[in-house]
Amino acid sequence: MSVTAPESMNWRMGKRFMRHRMAVASLCLIALLAMASFGAPVIEAALDVDADKTNLFNRSATPSLDHPLGTDELGRDLLVRLLYGGRVSLIVGLAAAAVAAVAGTFIGLLAGYYGGWLDSILMRVTDGVIALPLLPLLIVLAAVDLTKLGLPTVLTESENVSLYRIVLIISFVGWTTVARLVRAETLTLKRREFIRAAISQGAGAGRVMRVHILPNAISPIIVATTLSIGNIILLESVLSFLGLGIQPPAASWGAMLTNAQELIWANPTLAIWPGLLIFVTVIAFNFLGDGLQDALDPRALD
Amino acid sequence: MFRYVIGRVLESLIVLLVVSFAIYGLIGLMPGDPIDLMIQSDPNLSPADAKRLKALHGLDQPIVDRYIAWLRGAVQGEFGYSRNHGRLVTNVIGPRITNTGLLLGLSLILSLTIAIPIGVYAALKPYSRADYLVNLFCFAGISIPPFWLALLLIILFSVTLGWLPASGMETVGKGGFFDRLHHMVLPVLALTLASVGEFTRFMRASMLQTLRQDFIRTARAKGVSQPRVVVNHALRNALLPMVTIIALSLGRLFSGALITETMFSWLGMGKMIYDAILGNDYNLALVGLMFATLLTLIGNFLADIGYVWLDPRVTLSKART
């Protein structure tokens with residue numbers, strides 16, 4: 001081994017991550033997808049089409065210069081609708097993962113730091129949520145009538161209500177993994193000298209958690225959150241496919257596949273693109289999470 | 001052990017009770033209660049009639065009272081009538097449970113038959129080209145949307161080749177054992193492919209870990225042949241954690257069954273729950289959801305108990321954490 005300047009921690013992590021060819025490729029792919037789907041309005045304008053405008057004279061058209069991927073069963077441009085669907089999937093995936101991570105971190109910190117009865121209660125609740133049948137429960141939550149909850153109509157009739165709702169209900173069941181990880185990490189960190197030193201010097205609980213425990217527990221949080229994004233995107237697409245997620249006319253990959261199933265005998269090709277995009281996006285996030293795991297945790301080399 | 005089992009059973013019952021209350025409350029929040037729906041479909045009903053009907057069915061009571069009344073019936077095995085089926089809930093779910101059990105059981109067997117050999121094979125040649133391919137297969141299996149996979153199967157086997165029926169449980173007016181078997185192929189296949197990636201991944205990891213243990217090296221040093229080491233020494237031990245994984249995945253398998261049943265019009269519990277929730281069939285939805293919760297709880301329970309029972313090295317205090 002040649003003698004070189006000592007490498008910084010970040011540099012080494014970066015190098016370990018870059019070794020994961022699939023993870024790097026996935027990161028590029030996700031970036032590309034994000035750019036394309038958030039640039040959907042621009043592409044829409046450039047192609048001079050309207051994602052929601054139906055044209056019954058041009059139904060199920062084959063790809064052409066005007067419509068690069070053809071049109072759907074109502075004559076809407078397929079490419080642009082796919083990009084808008086991608087926007088939904090990415091927003092739901094990232095937002096729900098972030099909300100779940102924050103909630104899970106908070107709960108895990110509290111349970112691990114204070115211990116005792118608070119820990120017991122929080123962990124029982126965590127066990128309870130894990131014991132819930134995931135998909136049936138999400139279907140119930142998606143079917144709940146928001147006006148019966150007493151929410152103001154401004155909210156229940158807002159255009160994006162199905163988006164908010166899906167982010168909320170998925171994060172509601174998704175925080176448990178991070179909570180358990182953070183609790184375990186907090187329990188071990190709490191016994192370490194530097195934490196005890198901080199406490200003995202009069203640091204308050206909030207400060208110890210924020211400044212000393214959280215930065216040391218951040219790697220597993222990042223890995224678990226990244227790995228959860230793929231799952232969340234799958235859940236969103238399943239709910240939309242079952243007609244309980246994003247509501248038409250807004251485009252989502254899952255709902256596009258519902259139409260595809262109805263028209264499966266007449267036009268089976270409709271099923272190809274939305275499903276392929278879900279698949280590729282989810283596998284990309286899973287590879288990314290896997291790569292991050294190896295990069296951030298040198299012990300987990302298997 | 002006995003005390004532990006009793007404790008776990010009690011704990012599961014408490015979770016079931018809490019969940020049942022939560023679900024009861026949630027179902028009440030779904031759009032339109034049965035009387036509202038009756039009013040919508042019958043213009044002759046006056047508001048006074050509606051009020052009387054609500055009082056008759058106890059819908060004007062506070063939710064806690066209604067829940068206790070429901071619970072009192074439930075412990076005696078009375079779950080009321082299904083509105084959409086016009087029959088007792090208990091009569092509706094009987095055949096549904098059989099159908100879901102058939103679907104889940106067959107696909108679980110098939111999935112393990114594929115996953116165990118592949119996982120073992122990959123673990124025997126870690127980081128080889130074959131292992132890399134297996135890994136890719138696992139990632140694909142975990143990442144593929146199960147309903148898209150089912151659509152692709154329908155496109156291939158029903159639309160293009162015309163070999164297999166795309167939905168239903170039997171041909172109307174035909175029926176019979178082979179006809180039902182014919183209808184079962186695609187749903188079982190779809191559900192199997194949805195879970196095989198995950199099982200393969202766990203099998204590989206478990207086998208890899210077992211092969212590194214000292215007793216494997218001892219066996220090899222004694223001159224035990226490679227097939228014997230792999231099957232008798234390693235595989236038997238590597239299968240232990242798989243028992244836990246299978247038990248823990250019961251809930252997830254059920255979620256998969258819900259999707260598969262809905263897509264293939266397979267008359268099982270999953271499709272029943274979905275239809276009941278969308279069709280405002282309160283009693284049926286409630287029982288269906290309780291069944292799904294019970295299944296998950298039993299899975300978790302079996303995972304804890306099974307592991308302690310099968311592996312003498314694990315003590316109960318360890319299993320608790």
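**Exercise 1. Determine which residues of α6(B) are buried and what they pack against.**

Solution. In this predicted model, the buried residues of helix α6(B) are Asp131(B), Val134(B), Cys138(B), Phe139(B), Gly141(B) and Ser143(B). Buried denotes under 20% relative accessible area, exposed over 50%, and partly exposed the range in between (1.4 Å probe, protein chains only). Helices (H or I, at least four residues) and strands (E, at least two) are DSSP runs, numbered from the N terminus. Next, consider the partners: these buried residues pack against α11 (205-241) and α13 (272-296) of chain A, as well as α5 (89-124) and α8 of chain B. Contact here means heavy atoms within 4.5 Å. Finally, check the helix length. The expected span is 1.5 Å times one less than the number of residues; the 15 residues of α6(B) should therefore span 21 Å, in agreement with end C-alpha atoms 21 Å apart.

Conventions are as follows. Residues are numbered from 1 along each chain as its sequence is written, chains are lettered from A and ligands numbered from 1 in the order in which they are written. Local features need pLDDT of at least 70, side-chain atom pairs count only at pLDDT 80 or more, totals for chains, interfaces and linings use all residues, and side-chain values use heavy atoms, with hydrogens and water left out.

**Exercise 2. Describe the contact between chain B and chain A.**

Solution. Begin with the residues: chain B contributes 48 and chain A 43. The two chains bury about 3900 Å² between them, 76% of it on carbon and sulfur atoms. Buried area is the accessible area (1.4 Å probe) lost by two parts on being put together, summed over both. Then count the charged pairs: there is 1 salt bridge between the chains, that is, a side-chain nitrogen of Lys or Arg within 4 Å of a carboxyl oxygen of Asp or Glu. Glu11(B) and Arg124(A) form this bridge, at 2.9 Å from N to O.

**Exercise 3. State how exposed the partners of the Glu11(B) to Arg124(A) bridge are, and which network includes them.**

Solution. Glu11(B) is partly exposed, since its relative accessible area is 24%. Arg124(A), at 41%, is likewise partly exposed. Both belong to a network of salt bridges that links Arg124(A), Asp127(A), Arg180(A) and Glu11(B).

**Exercise 4. Locate the salt bridge of Lys271(B) and classify its partners.**

Solution. Lys271(B) pairs with Asp275(B), the closest N and O atoms being 3.1 Å apart. Both residues lie in helix α12 of chain B, 4 residues apart, about one turn of the helix. Lys271(B) is buried at 14% relative accessible area, whereas Asp275(B) is partly exposed at 32%.
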